[in-house]
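Hello,

Here is the structure I promised to pass on. Have a look at it first, and then read on for what turned up.

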Amino acid sequence: MRHVTLEQIFQHPIAQKYINRSGMVHAIAVAYHAFRLANEHGLSVDLAVKAGFLHDIGHYTWYRDGKWDYELYKTNDIHAVKGAERAHKLLIRLGEDPRIAKEIALAILFHTDSFLPSRPIELNSLQSIIKQADEMDEEPGGQHHYRTISYDKALKAIQRLDELVDRTLNQREYVNKYEQA
Ligand SMILES: [Fe+2]
């Protein structure tokens, strides 16, 4: 049983505000990649889709002369840090299990090492699939942040992913019961 669905997260005004800023199409694409990777690696699909969908929620708009400046962003960005905190707050408010909220926040924190001064960090499985899922949908020059989608289309994609997660969780539960019997 999941505490919070992806649709609840999607519908929340905070998610709408910040994920539309960083790219709704990218967020949904990464959530789907994360679902597939988690499934392949036998990890929690619930955590993976939520972390994938929320991974860029911390983006700030780096404007210079009214235009988004990619260089300014690359130098000053801490979106992984901000995103981890923002996603955590949102999940807790929606009633997420605090252990799950923490795991998701850490996967968001480590989905990129762009903010780290040096020394790579050893990632756990969830953290490393969210990083991979993000890289699968990236385009040069940050173009993946600009693809747009209608609210209705985005909602349908989110509901479909919720169904896939539920089906996968039910299947795994069934297999576990069968194996234990
Ligand atoms: Fe991303």
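Let me start with Ala 48. Leaving aside residues up to four places away in sequence, Ala 48 touches Ala 34, Phe 35, Leu 37, Ala 38, Leu 43, Leu 126 and Ile 129. Please keep in mind that this is a predicted model.

Those contacts belong to a wider picture. The largest nonpolar core has 46 residues, and Ala 34 and Ala 48 are the ones that touch the most other members. At least two residues of this core come from each of α1, α2, α3, α4, α6, α7, α8 and α9. The top contributor is α3, which gives eleven residues.

Now for α4. How many of its ten residues are buried? Ten of the ten are, so the helix is mostly covered. The list runs Val 45, Asp 46, Leu 47, Ala 48, Val 49, Lys 50, Ala 51, Gly 52, Phe 53 and Leu 54; you will see that Asp 46 and Lys 50 are on it. The cover over these residues includes α1 (6-11), α3, α6 (79-94), α7, α8 and α9.

Helix α8 (residues 125-136) is another one to look at. Which residues of α8 are buried? They are Leu 126, Ile 129, Ile 130, Ala 133 and Asp 134. Because these residues cover an arc of only 140° around the axis, they sit on the same side of α8. The buried residues of α8 pack against α3 (24-41), α4 (45-54) and α7 (98-109).

Next comes α6. This helix has 16 residues and reaches 22 Å from its first C-alpha to its last, close to the 22 Å expected at 1.5 Å a residue. Its buried residues are His 79, Ala 80, Gly 83, Ala 84, Arg 86, Ala 87, His 88, Leu 90 and Leu 91. Among the elements that cover them are α1, α2 (13-22), α4 and α7. After α6 comes Gly 95, with a positive phi near 95°.

Is Lys 177 buried or exposed? Lys 177 counts as exposed, because it has 9 C-beta neighbours inside 10 Å, and the cut-off for exposed is 12 or fewer. Lys 177 and Gln 132 are 45 residues apart along the chain, and their C-alpha atoms are separated by 32 Å.

Finally, the chain as a whole. The protein chain has nine helices and two strands, and from the N terminus on its elements run α-α-α-α-β-β-α-α-α-α-α. Buried residues make up 36% of its 181 residues. Of the contacts with a separation of 6 or more, 70% are between residues 24 or more positions apart. Along the principal axes, the C-alpha atoms fill a box of roughly 65 × 40 × 30 Å. The radius of gyration is 16 Å, which agrees with the value near 16 Å that a compact globule of 181 residues would have.

Happy browsing, and best wishes

Technical notes:
Residues are numbered from 1 along each chain as its sequence is written. This is a predicted model: local features need pLDDT of at least 70, side-chain atom pairs count only at pLDDT 80 or more; totals for chains, interfaces and linings use all residues. A residue is buried if 20 or more other C-beta atoms lie within 10 Å of its own, exposed if 12 or fewer, and partly exposed in between; C-beta atoms are placed from the backbone. Helices (H or I, at least four residues) and strands (E, at least two) are DSSP runs, numbered from the N terminus. The arc is that of the directions from the helix axis to the C-beta atoms. Two residues are in contact if their C-beta atoms, placed from the backbone, lie within 7 Å. The expected span of a helix is 1.5 Å times one less than its number of residues. The radius of gyration is taken over C-alpha atoms; the globule rule is 2.2 Å times the number of residues to the power 0.38. A nonpolar core is a set of buried Ala, Val, Leu, Ile, Met, Phe, Trp, Tyr and Cys residues joined through C-beta atoms within 7 Å.
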